[in-house]
Amino acid sequence: MKKAISFYCIILTLICQVFALVAPVNAAGNANSFYFSDAKFDYTLGKDTEGVSTLKVKETLTAEFPSTNQNHGITRYIPYTNQGGKNVTLKNLDSLKVSRNGQPENIAKTERENGCFAIYLGNENEYVHGTQTYILEYEFKNVITDFSDFQELYWDTNGTGWSQRFERLTATLHLDNSVKAALKSETWCYVGYHGAKGQDRCEMVKKSDMELTFSTTNLAAGENLTFVAQFAPETFVVVHEYNYLLVILAVILSIGAFFAIFGTYRYWLKKAKAKYLYRKNLFLTPQYQPMKDLTVAEAAKVAIKTTKPSYVATLLEMAIAGKVTLKQAEPTKTLKKDTWIVIVNNVAGLTPAQKYVLEILNGGTAVKDGMEIAVKKHTASSHLQSLTRLYASSSGDRLVEKGFLTKNTSKTSSAATVAVAIVIALCACFAPAILSFGAVILGEMGAFAGDLVGSAFLIPYLVALVLATIVITCVFAARSSKYSTYTEKGLDADNYLEGLKLYIKMAEKDRLKFLQSVKGAPKDDKGIVKLYEKLLPYACLFGLEDSWMGTLNRYYQMDPAYQPGWYYGHSIITISAFNSINHSLSTTIASSTSYSSSSSGGGGGGFSGGGGGGGW
């Protein structure tokens with residue numbers, strides 16, 4: 001028993017020693033664990049000889065530090081702009097004076113962070129304990145916000161960024177003789193976190209026509225006192241200190257944007273508008289059969305509206321024509337999913353695009369009659385990618401030969417490329433040069449290139465200008481590229497394809513009624529099945545394959561003995577089986593022709609924190 005008691009005593013002693021070692025470390029590690037017992041903010045509002053507002057500030061912050069070696073001092077963040085960057089209020093810290101307990105205090109360093117001057121007070125070789133009173137004195141300029149019928153001082157005191165609480169806070173606004181008569185009766189104050197509109201925690205006292213006092217108690221970390229005082233209009237001169245570097249850049253980019261937009265518009269007028277009007281005035285009628293002398297790959301290329309990738313549609317086109325057969329292999333014990341095989345029946349007469357599709361499915365190797373190609377993924381390679389490019393270019397070349405398109409078959413307008421390049425080049429060339437020489441040209445203003453009022457308005461303007469220019473030029477160029485490369489025959493072909501799409505989208509009863517009204521159109525079920533099979537590749541191209549396969553499947557079920565020539569399987573072709581073909585072919589071609597990449601990563605209407613000053 002005594003041994004057990006001794007053992008527990010040893011364990012308890014060790015635990016106490018561990019806590020004795022850890023507790024000071026934890027306490028010292030939390031540099032924010034102090035508070036302010038009192039904070040007094042004295043403001044003197046006046047104006048200089050030019051009528052611009054001045055605000056002299058004296059902050060008296062009484063901090064209560066723990067007895068442990070934790071803090072070297074405090075850090076004060078003072079914003080140097082007002083109204084979201086519209087007014088520059090503090091260009092530098094030349095007017096700053098700091099003391100602690102009546103003696104000058106060391107400023108360890110100053111930085112600019114998040115629109116504020118960060119002032120680090122203290123000495124790295126000295127800790128502060130107990131009650132410490134810091135006094136900071138500095139001067140703002142241009143603190144007034146201008147409205148149509150009044151002017152306003154909307155000011156935060158301590159700010160909403162502190163991690164410490166404030167037991168008491170008092171803000172006193174002194175008015176010098178030049179502005180006291182202009183003070184209006186409208187005055188408010190708000191206390192709380194950012195956005196808080198409550199006024200019940202703020203006591204406001206007007207001691208005289210030259211002094212207003214605002215006070216509150218028990219501010220939690222992140223809570224702030226904001227006061228608002230209104231003055232007669234034109235009491236102060238409000239100066240917007242524009243960043244002239246950005247003004248110059250805005251002018252240059254505006255000129256560049258004008259020429260870019262004007263250039264693409266002229267390109268549109270010259271190359272494409274007449275063709276656009278020709279296409280627009282074509283009458284659209286339903287078309288019930290594929291267009292002669294146009295393959296489905298060429299149809300995808302000549303269609304003005306975007307279609308689905310035509311690889312699967314091209315393979316279906318070959319299957320319907322008997323050039324290949326799509327075979328569904330029966331599931332096995334080891335492979336329970338359906339697998340598909342493309343049986344090459346006859347390569348004679350295949351177009352280049354059709355051969356390229358088969359070669360892609362075959363892993364990049366040429367095909368011949370009787371070959372069976374298992375539909376499976378292949379490792380992407382430059383050769384397979386070159387086959388996809390040849391697939392597209394060969395279709396374009398054939399369209400030029402047939403007179404559907406002119407020689408320039410690119411769907412990216414050179415005018416758009418040039419226009420967008422102008423704007424980007426101006427941004428890339430002039431922006432760094434102007435900002436680099438800004439410090440030399442405008443002295444200290446260069447350091448505020450991202451903070452002056454020019455940034456508040458001109459940077460959004462520049463961003464909007466560049467984006468608008470790119471969008472507008474691309475719209476003109478895209479529309480130009482849609483029509484400038486077309487001949488009238490090509491525009492007629494696009495109209496025909498729209499009619500074919502219209503027919504495929506019609507209800508079945510309307511399709512049958514339409515066929516009955518057309519001379520030479522099939523009327524019996526067998527003829528309709530053959531017609532619908534020919535339209536299957538185009539339904540796939542237009543993204544209507546599900547509904548079209550459902551219609552075709554109903555005709556197949558009317559004659560169970562009928563076996564489609566394009567398909568061979570262990571059961572009748574169904575929508576799900578067709579979707580399986582479609583998905584297998586699409587994923588196979590996509591995975592075989594594209595490299596993959598991965599990434600990882602992880603008026604009383606104001607509120608507290610809405611004014612100038614503040615900080616933390």
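Colleague: What should I know before I start?

Modeller: The model is predicted, so local features need pLDDT of at least 70, side-chain atom pairs count only at pLDDT 80 or more, and totals for chains, interfaces and linings use all residues. Residues are numbered from 1 along each chain as its sequence is written, and side-chain values use heavy atoms, with hydrogens and water left out.

Colleague: What is a nonpolar core, and how many residues has the largest one here?

Modeller: A nonpolar core is a set of buried Ala, Val, Leu, Ile, Met, Phe, Trp, Tyr and Cys residues joined through side-chain atoms within 4.5 Å. Buried means under 20% relative accessible area, exposed over 50%, partly exposed in between (1.4 Å probe, protein chains only). The largest core here has 77 residues. Val-302, Leu-315, Val-342, Tyr-503 and Trp-566 have the most contacts inside it.

Colleague: Which helix gives the most to this core?

Modeller: Helices (H or I, at least four residues) and strands (E, at least two) are DSSP runs, numbered from the N terminus. Helix H13, residues 525-541, gives the most to this core: 10 residues. Apart from this core lies another, of 50 residues, including Leu-93 and Trp-162.

Colleague: What is Tyr-503 in contact with?

Modeller: Contact means heavy atoms within 4.5 Å. Leaving aside neighbours within four places in sequence, the partners of Tyr-503 include Pro-286, Phe-514, Leu-535 and Trp-548.

Colleague: How many disulfides does the structure hold?

Modeller: A disulfide is a pair of cysteine sulfur atoms within 2.5 Å. The structure holds one. Cys-189 is joined to Cys-202, S to S 1.9 Å. The torsion about their S-S bond is about -120 degrees, so the disulfide is left-handed. Cys-189 lies in strand S14 and Cys-202 in the loop between S14 and strand S15, so the pair ties together parts 13 residues apart in sequence.

Colleague: Are Cys-189 and Cys-202 buried or exposed?

Modeller: Both Cys-189 and Cys-202 are buried. Cys-540 is buried too, with a relative accessible area of 2%.

Colleague: What is the strand order in the open sheet of four strands?

Modeller: Two strands pair if DSSP finds at least two bridges between them. The order is S20-S19-S18-S21, with mixed pairing. S20 and S21 are the edge strands, and each pairs on one side only. S19 and S20 pair in the antiparallel sense over three bridges. Ile-341 stands opposite Ala-374 in S20.
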